[in-house]
Amino acid sequence: MSEVNKKIETAVRNLAVEVINKFEKKKRIDNIQELIILATYLNMQKLDELRNDVDGVMRAFQRLDALIDVVRDLKKAVESLQSGQTGEVAKLLGEVNSKLDKILEKLDAYTVESL
């Protein structure tokens with residue numbers, strides 16, 4: 001956020017505090033500018049909440065992307081291990097690999113790139 005925006009937000013917040021104090025003291029708010037200040041302040045608060053929510057969603061997607069990388073690495077390790085095995089062990093590792101494929105398929109549907 002630019003320095004000018006920060007100064008404007010600080011000014012609006014300071015003005016809003018004055019109007020809120022007046023309102024809490026049961027004084028009448030009859031100035032349209034005071035109402036505009038309160039509306040602007042409420043809008044700023046809502047924007048802050050939305051920004052925080054979006055940041056939280058983006059962090060969740062980043063964690064999901066990291067999980068996808070871990071599952072892919074695990075799949076490669078199982079494939080490597082499977083290639084050196086025979087019989088029942090190879091079959092079980094194949095089943096694990098199949099389940100990892102299903103997990104990756106589900107996780108890939110929720111990556112940031114797919115949105």
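Q: What makes a residue of this predicted model "buried", "partly exposed" or "exposed"?
A: Buried means under 20% relative accessible area, exposed means over 50%, and partly exposed lies in between, with a 1.4 Å probe and protein chains only. The model is predicted, and local features need pLDDT of at least 70, side-chain atom pairs count only at pLDDT 80 or more, while totals for chains, interfaces and linings use all residues. Residues are numbered from 1 along each chain as its sequence is written, and side-chain values use heavy atoms, with hydrogens and water left out.

Q: Why is K75 called buried?
A: The relative accessible area of K75 is 14%. Buried means under 20%, so K75 counts as buried.

Q: What is K75 in contact with, beyond its neighbours within four places in sequence?
A: Contact means heavy atoms within 4.5 Å. With those neighbours left aside, K75 is in contact with N97, L100, D101 and L104. K75 itself lies in helix α2, residues 32-83.

Q: Why is A16 counted as buried, and which residues does A16 touch?
A: A16 has 1% relative accessibility, so this residue counts as buried. A16 lies in helix α1. Not counting residues up to four places away in sequence, A16 touches I37, L38 and Y41.

Q: How many helices and strands does the protein chain have?
A: Helices (H or I, at least four residues) and strands (E, at least two) are DSSP runs, numbered from the N terminus. The protein chain has 3 helices and 0 strands, and its pattern along the sequence is α-α-α.

Q: Why is the protein chain described as more spread out than a compact globule?
A: The radius of gyration is taken over C-alpha atoms, and the globule rule is 2.2 Å times the number of residues to the power 0.38. For 115 residues the rule gives 13 Å, whereas the radius of gyration is 27 Å, well over that value, so the chain is more spread out than a compact globule. Along its principal axes, the C-alpha trace spans about 85 × 30 × 20 Å.

Q: What reach is expected of α2, and what reach does the model give?
A: The expected span of a helix is 1.5 Å times one less than its number of residues. α2 has 52 residues and reaches 76 Å from its first C-alpha to its last, close to the 76 Å expected.

Q: Which residues of α2 are buried, and what covers them?
A: Among the buried residues of α2 are I37, L38, Y41 and K75. Their cover includes α1 (3-24) and α3 (87-108).
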